Amino acid sequence: MSLIQYVRCFQGIMGREALRFLQQQGRFFAALVRPLVWLFIFAAGFRSTLGISILPPYETYVLYEVYITPGLLGMILLFNGMQTSLSMVYDREMGSMKTLLISPLPRWFLLTSKLCAGSLISILQAFVYLLIAWFWEVEAPWAGYLFLIPALLLSGLMLGALGLFISSMIKQLENFAGVMNFVIFPMFFASSALYPLWRLEESSLVLRDIAAYNPFTHAVELIRFALYGQLNLESLLYVLASGALFMTLAIWGYDPARGTLARKSGP
Amino acid sequence: MPESPALEVDALSFRYGTRVALDSVSFALEPGRFAVLLGQNGAGKTTLFSLITHLYNTQSGQVRIFGHDVRRASAEALKRLGVVFQQRTLDMDLTIQQNLLYFTALHGMKRSEAQERISQELERIGLADRRHDKVRKLSGGQLRRVEIARSLLHRPRLLLLDEPTVGLDLASRQAILDHARTLCRDEQLTLLWATHLIDEVADDDQVLVLHQGQRHAFGPVPEVLATTQTDTIRDAFQQLTGMTPQRSPS
């Protein structure tokens, strides 16, 4: 297959995801409501009880709304990554995943393209959220918004790859509720999204360690630093490494030679 | 040099855990033939299709499409293969054209060529004027015809159809079957048509009888009748498998 055929295939997958997105605008806005509820209600309520000391990348005391914004951007990516997982299980149950997988292009390319498409839609959502948050006085330097794009893309791909791997393991659509309880919530709460790690340390050292190893924490920190035009190298490397691991597992899961697809799909 | 068989399945076996789904199945289809894969539900038809389409990998044995091994040269093999799955695989919320364009992109086809092929194939099935309709608006028979049209867009030489008439009324079943036979005759396509309905087999077809994962017969219908010393394919199937074959519900 030639390079131009890869490009056409990528465009086709992007195009389909864009069309599905346009078909499901309700879902797009519903997904936006979630972080906005956290921003408007949760953050307002906890503003006075959760004091945040000065810690990088912040140079001064910040409002709680400002602190949790990178965490809520991460929440958009996390939920969308798992939504990708849901749509893949749905696609497989409905059979349309087969259309993708019988393409003569390599499976790793097809799956990565699908992830990229999902991540770009997440980025769009993240910026709509930031626009609304801007009116709520959550502002970042202009350069930060620019640096944010690659940080969101990498984090989105990492979380999407995790969702993809999970989707190769789930046999039925109903099991997605389990993913919510066992993946999304623990990842979100055991991270630096809502409170800095030193706060967790005050309550439990074990919990702090779990959060420090949680890839979602590093996605949030990568986003947090990027939003202020800075690079958190440790988080970048952690996101890259865990992204590569999840992607390898996802491709393994969908590999007809070794993966679980045949075993899971068997009658 | 003689042309490779359109499809060559060689000592193919597959297990789901300890359950044997296919047990050393072999056969070869010559180009331009219409072959019926006949077997009751659970005979191993869908597993065989999943292996031919490389959705599953072969555990033992080989599958070659026009000489290309689906495992080692899957791109070359899949380029020559068109598939209509038993499950519906069109996106119901998109239009016919959007669905077909997506498929052509997955095969790396140029947009202008894709548009031309879509027009030709929709013309052939009489749905050219409905290309901008949502798939959801189509009847069961029309859906199937669109799926067949889609499977032909990249000009495959081998077409697999897995129980394509399931859930259709009698008239639609016959229309789909006639359409497939016309394609085989006019386009010199090789077709493998999987079914559990005995009356979808015609006298000049090749037939492959699959039962409990094993090949019980393979060859032109007259040859199978001669081997089993029966007069009808229905009797032959009954003798080979000990099961009463199903007819189309009328």
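Q: How many residues of chain A are in contact with chain B, and how many of chain B with chain A?
A: In this predicted model, 26 residues of chain A are in contact with 27 residues of chain B.

Q: Which part of chain A gives the largest share of that side?
A: Helix H1 of chain A does, with eight residues, while H1, helix H4 (96–101) and helix H12 (261–265) of chain A each supply at least two residues to the side that touches chain B.

Q: And what classes of residue are on that side of chain A?
A: The side of chain A that touches chain B has 13 nonpolar, nine polar and four charged residues.

Q: Back to H1 of chain A, how long is that helix?
A: Helix H1 of chain A covers residues 3–23, which is 21 residues, and reaches 30 Å from its first C-alpha to its last, close to the 30 Å expected at 1.5 Å a residue.

Q: Which of its residues are buried, and what do they pack against?
A: The buried residues of H1(A) are Arg8(A), Cys9(A), Phe10(A), Gly12(A), Ile13(A) and Arg16(A), and they pack against helix H5 (107–134) of chain A together with helix H3 (96–106) of chain B.

Q: New topic: which residues touch the most other members of the largest nonpolar core?
A: That core has 144 residues, and Ala161(A), Ile223(A) and Trp193(B) touch the most other members. Helix H6 (residues 142–169) of chain A gives the largest share of the core, 13 residues.

Q: What is Ile223(A) in contact with, leaving aside its neighbours within four places in sequence?
A: Its contacts then include Pro70(A), Leu73(A), Gly74(A) and Leu148(A), and Ala151(A), Leu152(A) and Ser155(A) are also among them.

Q: Now strands: is E3 of chain B buried or exposed?
A: Strand E3 (residues 34–38) of chain B is mostly covered, since five of its five residues are buried. Phe34(B), Val36(B) and Leu38(B) lie on one side, with Ala35(B) and Leu37(B) on the other.

Q: Which strands is E3(B) joined to?
A: Five bridges join E3(B) to strand E8 (residues 190–195) of chain B in the parallel sense, with Phe34(B) opposite Leu191(B). Four bridges join E3(B) to strand E9 (residues 206–211) of chain B, also parallel, and there Ala35(B) stands opposite Gln206(B).

Q: What about the open sheet of four strands in chain B, what order do they have?
A: The order is E2-E1-E4-E5, with antiparallel pairing. Strand E2 (19–29) and strand E5 (68–69) of chain B stand at the edges, each with a single partner strand, so one side of each is left without a neighbour in the sheet.

Note on methods: Residues are numbered from 1 along each chain as its sequence is written. Chains are lettered from A and ligands numbered from 1 in the order in which they are written. This is a predicted model: local features need pLDDT of at least 70, side-chain atom pairs count only at pLDDT 80 or more; totals for chains, interfaces and linings use all residues. Two strands pair if DSSP finds at least two bridges between them. A nonpolar core is a set of buried Ala, Val, Leu, Ile, Met, Phe, Trp, Tyr and Cys residues joined through C-beta atoms within 7 Å. A residue is buried if 20 or more other C-beta atoms lie within 10 Å of its own, exposed if 12 or fewer, and partly exposed in between; C-beta atoms are placed from the backbone. Two residues are in contact if their C-beta atoms, placed from the backbone, lie within 7 Å. The expected span of a helix is 1.5 Å times one less than its number of residues. Ala, Val, Leu, Ile, Met, Phe, Trp, Tyr, Cys and Pro count as nonpolar, Asp, Glu, Lys and Arg as charged, and the others, Gly among them, as polar.
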